[in-house]
Amino acid sequence: MKKLLSTIFILSLLTPLLKSQTLTGKVNDEQGQSIEFATVALFGLPDTTLISGTITDENGEYLLSSDDNGDKFLRISFIGYKTQNVPAKPHQTIVLKNEDVILGEVVVKGSLPKISLQNDAIVATVQNTVLSKAGTANDVLKRLPSLTGDEGVFSVFGKGQAVIFINNREMRDVSELDNLNSADIKNVEIVMNPGSRYDATVKAVIRINTVRRVGDGFGFDVRSSYYQSENTDLIEQVNLNYRRNGWDVFGTFKYHQNVYEQNSEIWQKTYVDTLWTQENTFVIDGDYRKLTGIAGVNYEITPEHFAGIKYTYSAFPRKESMSVLNSTVVANGSFYDQWSSSEKKTSSSDPTQWINAYYNGRFIDLKIDFNTDFYTNTTFAQSLVKETSQEYDDRIVNSENDVKNQLIASKVVASYPVLGGQFLIGSEYHKTHRDDVYRNEQNIVPPSNTTIEEQNNSYFTEFSRATPIGQIGAGLRYENIRSDYYDENQKVDEQSRHYGQWFPNFSLSTSIKEVNLHVSYTAKTMRPTYRQLSSNVFYGNRFLLQTGNPFLKSTVIHDVTLVSSWKFMQLMVSYKNEKDAIIYWTEQLEENPAVSLLAYRNLDELPSLMIFLSLTPTFGIWSPQLSGGFLKQWVTIISNNQPVILNDALPFATLNNSFRLPKDFLVTVDASFRGKGDTQNVSLPENQFVVNVGVTKSFIRDQLRVEVKGQDVFYGKKDANLLYNHQMELFQRNRYDSRQIMLTVRYKFNQAKSKYKGTGAGEDEIDRLK
């Protein structure tokens, strides 16, 4: 009887599902290109009641569930296109038509709007816009609103460093952005508040989607770049690709030479029993050579199932630097000593090896994405410091630092349509082992031999659904961390940790007439890097040492963000509060208070507000992009027994200009400004203003491209900072070898973008190892 009642109960629950009807389809533009993130809503007749809704995926496809009763229609909308109402059918393809934007007497035209808000992301269209002529993916990102950075490392203004994905695969090497031609990019999505599917340390995401290539055959892309400043830098690169019958074999070889220079002036005041004052000049010259080889293969098992493996090999034939620090020391206003410290650093390493394997498939409505990674590298660094003193004995400090890292990681994500929405569940695991041995022949600073073993088990889920008030999404992530700290092969319980954390998120996307809105809340964390946790003590001079802090706690971040979009305008407002924020901090040695030990500490809390506005219209051949905003924090530091209020807002603005001229010429003039303000326990007392110019010419139907660019033409890339500490203030002004001219020649033959779909499983943990 109980079994019969149970069966009847289960059948009663399944009856509505058995009666349901599945509606599938695809949304394209007039050129036949799929439209991602289009809103597809299902309404009932005659009362136009919203039944369910969804957004299209990366292939422009949608899936909806409905009962069989009554007539229904679909409403499809996407910014920059005319909204369409069509009868609901089991399967159909819908074509949206472009919609021009009128600005006064000027028609702002284009195959798509350049910048728009789509669900959880600000999306910049690249294909068929002036951005497609920018050069590389790195050049595209430099020209997008709210992004700052270069050479593969980009941050979202007010959020922090972003994790970058290319075709849903997590970027593992910063050079990948230079490998990708801007003409091969469809769009770029900037996610301000990533959900639970991403690691809890990920505070911003950049997703790059490329143009889908068709056809088989062999192709290659050759690129040569020459940079001339006070030094000479080079990049030589070749990308190879062969596709046949579902197989995709690809490879890259790249040589990168980077010679750099920095000049600094440093003033230091230490308030102890004696007022110690240091005036320093610092010069460093470095030479960095890197060889990178990439080989991989993908196989399209069926149109719904893909698998592949990718191997990355990196070697450093040369990595060395030479620096000179000249110091004049004054005690209570009287001359004490004068030092000159020269340091030669050399670094050798075993090749860094990284293997990623993936499977990506679809079983009817169930999507599966699996990735696994293995990473290993070993570095041997030597430092020789020779310090001469005018009044006291000279010193020689010879030290060695050996670091070995190993990581195993995996991640699986499954998604399925449930209750008219999309349900996602997944798990992520990584295991890290790091050995760090530091030796010093003279014992001026203590040696150390530490090991850190860490495991992270994460589980996450998300659900999103269209409702009458908009698209609602919610997620939850749980991370269980076990970190064991060993000193001389003995476990140290005080510095070992085992804890679990929950990270919820919520979002709502809606529109009010022509204004699109997205509001979200996320809880995130920032774990200290392994170098920040290190016990190694590095020698600066006899009054300055540097180390880590094994007792650092992880930062917990609560973030509320509002993003809105109207025509070519985008506004972002974000408030966040960081608990146990990690900051630079200096304490004085008990045995000799004149000696400062530069390390890290946790700040109880760090609240901040960020406001950012961007305008991206187009006027004929001129495509300007004006962005500006500020970041304001509320921080008070006790320095020299006095409160120091660091609440000044930090302003930021950019003006990028692109002029598309006849005969495939593109001229760019870009300017960026960063004003005075405060960040953490640092005051930035000087403005920074940088201007870049460039000319690009395409030949042979864009197979051959020549770029000439001038970087920092007015030599304005400079910075200064005043660091407040317990009993010490440190002011530093830096000048860089930033003014340069760049010549790039790129030739591509029958180029087909790799189909690689691996997303990576351990990128964030690898960043902590560096």
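**Entry 1: surface patch**

I began with the surface and located a nonpolar patch of about 440 Å², made by F218, L240, Y242, V249 and F749. Patch members have over 30% relative accessible area and no salt bridge; nonpolar side chains (Val, Leu, Ile, Met, Phe, Trp, Tyr) are joined within 5 Å, like charges within 9 Å. A salt bridge is a side-chain nitrogen of Lys or Arg within 4 Å of a carboxyl oxygen of Asp or Glu. I placed V249 in strand β21, residues 247-271. V249 is partly exposed, at a relative accessible area of 42%. The classes I used are buried under 20%, exposed over 50% and partly exposed in between (1.4 Å probe, protein chains only).

**Entry 2: basis of the values**

I note that the model is predicted, that local features need pLDDT of at least 70 and side-chain atom pairs pLDDT 80 or more, and that totals for chains, interfaces and linings use all residues. Residues are numbered from 1 along each chain as its sequence is written, and side-chain values use heavy atoms, with hydrogens and water left out.

**Entry 3: the whole protein**

I recorded 4 helices and 49 strands, taken as DSSP runs numbered from the N terminus (helices H or I, at least four residues; strands E, at least two). Of the 770 residues, 50% count as buried. The accessible surface comes to about 34800 Å², and carbon and sulfur atoms hold 57% of it; areas come from the Shrake-Rupley method with a 1.4 Å probe, and for residues only the protein chains shown count as cover. Among contacts (heavy atoms within 4.5 Å) with a separation of 6 or more, 65% join residues 24 or more positions apart.

**Entry 4: nonpolar cores**

I took a nonpolar core as buried Ala, Val, Leu, Ile, Met, Phe, Trp, Tyr and Cys residues joined through side-chain atoms within 4.5 Å. The largest has 33 residues, of which L141, L144, L177, V188, I206 and I208 touch the most other members. Elements giving two or more residues to this core include α2 (137-142), β17 (185-191) and β37 (596-615). Leaving aside residues up to four places away in sequence, L144 touches I115, A124, L131, V188, I190 and Q625. Another core, of 15 residues, lies apart from the largest one and includes L23, I35, L42 and L64.

**Entry 5: positive phi**

N640 lies in the loop between β39 (636-639) and β40 (642-645) and is partly exposed, at 28% relative accessible area. D664, also not a glycine, has a positive phi near 60°. D664 lies in the loop between β41 (650-661) and β42 (665-674) and is partly exposed, at 46%.
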